Amino acid sequence: MQNIIVVSQKPSDLGELIAIARRLGEPLILAFQESAVSINEITGYGHKVYRLNSDRPEALYYAIKSLYDSLKPKLIIGPTTKNVKDALSLFAGLYDIPLATDVSSIEDRGDEVIYKRGFLSERVIMTASVRKPAILLVKPKIVSPAEKIGKSDVIDLEVTAGDVKLLERKPKVLSGIKLEDADIVVGVGRGFKSREDLKLALELANLLGGQVGGTRPIAADYKWLPEDAWIGISGKRIAPKLYIAIGISGAPQHMSGVSDSKIIVAINKDKSAPIFKLSDYGIVNDLYKVLPILISRLKARASQK
Amino acid sequence: MELRDIIVLVKASLNPEIVRQNPNGSYDIEYTPLKISDIDRNALEEAVKLKSILGGKVYAISVLTWGPLKTRDKDLRLAIQEALAKVADEAYVVADDSVTPTDQVIVSNIIATLIKAKGLRPALVLAGEASIDESTSQVPARVASKLGYSYVGYVRKIIDIKNGKIIVERDLEEYTEILESPLPAVLSVTQEINEPRPPTLIQIRMASKKPVHYVSLKDLGLEFKMKRTIMDMRVLTITRKQVVIEEANVEKAVDRLLEYLEKEGVLRI
Ligand SMILES: Cc1cc2nc3c(=O)[nH]c(=O)nc-3n(C[C@H](O)[C@H](O)[C@H](O)COP(=O)(O)OP(=O)(O)OC[C@H]3O[C@@H](n4cnc5c(N)ncnc54)[C@H](O)[C@@H]3O)c2cc1C
């Protein structure tokens, strides 16, 4: 059976990666993480574990290189995360190995592998074949997680971190709210004029029993929301029953994160905003006029019940 | 000799806002125009700042991904024009139909070979964190690997550059980091690093006088066997109801919306 290296960043993602890898060959796990993570979560799959006590992309690069040189795997499977993309792209460049991200299906064909991936903010699905060896970074939730089937050996890897020096690390302030599990999400965009005004969205979300998320500029640039509220191709992918996009233009990079929503509602004052073509229901009007009325109507409904 | 020059990688990408399908459901790629990738504009804007510090020359490099050149030439030129208008002194362009649609292995080989062949010795190679079409974020790192340069991805801020070193802030999922990298280095920058300003009319006029070097694969002594074959591109059709309430009376508009949502069964109150 061919060796498949599975790169694991978070133990919680590992089950899905193992399920994919087991279909393709013999998985060998490269776990890169801070030492705080319990090794027991990783050894339960019964596959050999190479452990790297660092979560820096620089260290992962050297670890994957040393494993590749000794094991010559035909496929490397991992999650589509920034750390993994960064380290594996650098490695891929070294040996000219093809690499794909956001992969949603994999079919092994001997010397080649065929995969599907989202393209153009997931508006198009590309099917491509590449010669092995290949690196395929997959989307979450494309398979159900594998069962744990026993214990496995752990080999510790020692690597250098290269010539890029880490001077300081600052954890991001995150809300911890799992937007991907929410039934109703209120999305806020640059139509809001100030951070203070987001309380309108919060009040709406509270009344509906939902959570608040936002576009990339709101979370990453203005920092009006924590970054785990960032929805879109480079943020979170959500699938609520109801998504209400307020003051959001409907850029493809944002909409790819909400395309699995059952119902999408838009509130935008610009009739020609692309969001209206990507929504089920829309109100063309100023959010500052619409939200107070929407909120008072919902309050009235709540008190009637 | 101290390194002073900057290279900015610029991609003419398929515009994701314009997606049309052929009658058989496949993606009508010919119909989609190319445009400069949004985050390349952030890289160009950052190059303006860095050029004033380093005092060297700025080169733009662009490799045509989606052919054929005959129909893509105008869009490609526009992307390069923007780089020249904004900051670049010269541009190198590789547009060869024998490798379109190209893949990231080939693009990074072309870029690295070109940099060496033209004797460019940059302090920095800047690129956007992701292109707007394939969005795989891998070309900058591959180029660094091929050239043996240092690499930092997802740079949200450049803090300092001096004495052959650069200090940057990198944006990863759960934390940001301050890193120090030796030069030369390849950096991919995020959308948050700056607010790109469009070039002025004078800059656009000046750009037409700047040299654009078209380089062929033969000039570079390169020949490729593709590692990736695109077999199919299919448009994902998600049809939404697109009911737009243009009622000027806000109360009435809100009531209609609530009726719709009630019928859909998505309201809990
Ligand atoms: C590679 C790449 C990755 C990206 N990843 C993401 C991502 O993951 N997530 C993401 O969200 N974006 C992402 N972006 C950015 C994306 O392209 C858009 O720039 C962004 O989504 C726009 O955010 P917005 O809708 O809040 O702002 P804008 O596009 O500025 O839209 C604001 C909207 O508010 C409306 N408005 C203004 N005032 C009012 C008012 N008073 N009442 C009602 N409406 C009003 C306007 O009509 C406008 O339509 C990415 C971009 C790139 C290039």
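Colleague: How many salt bridges does the rule find across the interface of chain A and chain B?

Modeller: This is a predicted model, so the pairs come from computed positions. Side chains of opposite charge can pair when their charged atoms come close. A pair is counted if a side-chain nitrogen of Lys or Arg is within 4 Å of a carboxyl oxygen of Asp or Glu. Across the interface of chain A and chain B, that rule gives 16 salt bridges.

Colleague: Which helix of chain A gives the most to the side that touches chain B?

Modeller: The side of chain A that touches chain B divides into 45 nonpolar, 16 polar and 33 charged residues. One helix, residues 82-95, gives 10 residues to that side. The helix that gives the most is α4.

Colleague: What is the area buried between chain A and chain B?

Modeller: The size of an interface is often given as the accessible area lost when the parts come together. Here the contact takes 94 residues from chain A and 86 residues from chain B. Carbon and sulfur atoms give 53% of the buried area, which is about 8000 Å².

Colleague: Which residues of chain A lose the most area to chain B?

Modeller: Three residues stand at the head of the list, and together they make up 9% of what the side of chain A buries. They are A:K82, A:L120 and A:Y281.

Colleague: Where does A:L120 lie, and what is its phi?

Modeller: Most residues other than glycine have a negative phi. A:L120 is not a glycine, yet its phi is positive. The residue lies in the loop between β6 (112-119) and β7 of chain A, and its phi is about 55°.

Colleague: Which strand of chain B is joined to strand β7 of chain A?

Modeller: Strand β7 covers residues 124-131 of chain A, and seven bridges join it to a strand of chain B that runs antiparallel to it. A:V124 stands opposite B:V235 in that strand. The partner, residues 228-235 of chain B, is β12.

Colleague: Where does the ligand lie, and which side chain has an N or O atom 2.9 Å from an oxygen atom of the ligand?

Modeller: The ligand lies between chains A and B. Of the 30 residues around the ligand, those that come nearest include A:T215 and A:N268. An oxygen atom of the ligand is 3.0 Å from an N or O atom in the side chain of A:W230. At 2.9 Å from an oxygen atom of the ligand, the side chain is that of A:H254.

Colleague: How many residues apart in sequence are the parts that B:K51 and B:D89 tie together?

Modeller: B:K51 and B:D89 form a salt bridge, with the closest N and O atoms 3.2 Å apart. B:K51 lies in helix α1 (residues 38-54) of chain B and B:D89 in the loop between α2 (69-86) and β5, so the pair ties together parts whose separation in sequence is 38 residues.

How values were computed: Residues numbered from 1 in each chain as written. Chains lettered and ligands numbered in written order. Predicted model: local features only at pLDDT ≥ 70, side-chain atom pairs only at ≥ 80, totals over all residues. Heavy atoms only, no water. Contact = heavy atoms within 4.5 Å. Buried area = accessible area lost by both parts, 1.4 Å probe. Helix = DSSP H or I, 4+ residues; strand = E, 2+ residues; numbered from the N terminus. Nonpolar A, V, L, I, M, F, W, Y, C, P; charged D, E, K, R; others polar. Pairing = 2+ DSSP bridges. Near = heavy atom within 4 Å. Polar contact = N/O pair within 3.5 Å; in protein donor to acceptor, adjacent residues only side chain to side chain.
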